[in-house]
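Notebook open, structure loaded. I'm jotting down what I look up as I go.

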Amino acid sequence: MITEVMRVCGLTADELCGRLSDFAEKGVSFSVEELCLDARITMTGDLDPKSFDAVRSLAYNALGDEVYAADDTPLNVLAAQLLAMNGKKLAVAESLTGGEICSRLTAVPGISANFYEGVVCYDRGSKESRLGVPKALLGAYGAVSRETAYAMVRGLLRPPVDIGLATTGLAGPAGDEGKPVGLVYIAVGAGDFITVFEKHLHGDRNTVRASAANLALFYLVRYLKGDILRL
């Protein structure tokens, strides 16, 4: 019996099971544990190693870029490892996630060498005063917007910071600015290369917040791997 684990982010348990259903007849079973879009998938098969590897490769292809680890390394630990490997210093600005990203990163021993600061800029005024987001921009596009997420990262990128990561969105229970609950923007990058992702998340307030934090760490990991260049 062969057992291996992979980690995936961005898909619900139902979506993962749908993508993996075709492999049930190939001699490998898949167990999915998913929490707020971060999933641990256990592959088990009573096959010879060559046959198991063939099915595993097909599963990886089916899941595509959502796979972030070929083992059981969680997002925060992998992000910390990649920051260290790349010799980069990170700063984070959080609105709806309220410090959850920073809390998870600083739980990793040794992160102090690569983590500069975290700012919980929940109010519009904080986004203006702490990050330099222009008042006119907030007025034109709103606090929950692609433009604001981009400007939040720009506000972080001062020496010695190499990479900025920012979140803004609506966790509920009510929408705002004429925008729906679950609308989230996540920005990551450096210099002139800052990518902003728009997501429409589901669930209660805490589920939306946790999902946004998971996705933010996932996009940071992909940025550090260079994969984000292909998005």
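Started with Thr73: its relative accessibility is 16%, so I file it as buried (buried is under 20% relative accessible area, exposed over 50%, partly exposed in between, with a 1.4 Å probe and protein chains only). Caveat for myself: this is a predicted model, where local features need pLDDT of at least 70 and side-chain atom pairs count only at pLDDT 80 or more, while totals for chains, interfaces and linings use all residues. Residues are numbered from 1 along each chain as its sequence is written, and side-chain values use heavy atoms, with hydrogens and water left out.

Where does Thr73 sit? I find it in the loop between strand S4 (67–69) and helix H3 (75–86); helices (H or I, at least four residues) and strands (E, at least two) are DSSP runs numbered from the N terminus. Its side chain makes a polar contact with the side chain of Asp71, at 2.8 Å. For polar contacts I use N or O atoms within 3.5 Å; within protein, one must be able to donate a hydrogen and the other to accept it, and residues adjacent in sequence count only if both atoms are side-chain atoms. Skipping neighbours within four places in sequence, I list Arg7, Tyr68, Leu78 and Gln81 as contacts of Thr73 (heavy atoms within 4.5 Å).

Aromatics next. I get four aromatic pairs in the structure; rings of Phe, Tyr and Trp (its six-membered ring) pair if their centres lie within 6.5 Å, with planes under 30 degrees apart stacked, over 60 edge-to-face and the rest tilted. Phe193 and Tyr223 have ring centres 6.3 Å apart and planes at 20°, so I log the pair as stacked. Phe193 is in strand S9 (residues 193–200) and Tyr223 in helix H8 (residues 205–225), so this pair ties together parts 30 residues apart in sequence. Buried or exposed, these two? Phe193, at 34% relative accessibility, is partly exposed, whereas Tyr223, at 18%, is buried. Ring pairs also link Tyr68, Phe197, Phe218 and Tyr219 into a cluster, and Tyr68 is on my Thr73 contact list too.

Last, the whole chain. I count eight helices and nine strands. The radius of gyration is 19 Å, close to the 17 Å the globule rule gives for 231 residues, so the protein is as compact as a globular protein of that length (taken over C-alpha atoms; the rule is 2.2 Å times the number of residues to the power 0.38). Of the 231 residues, 49% count as buried.
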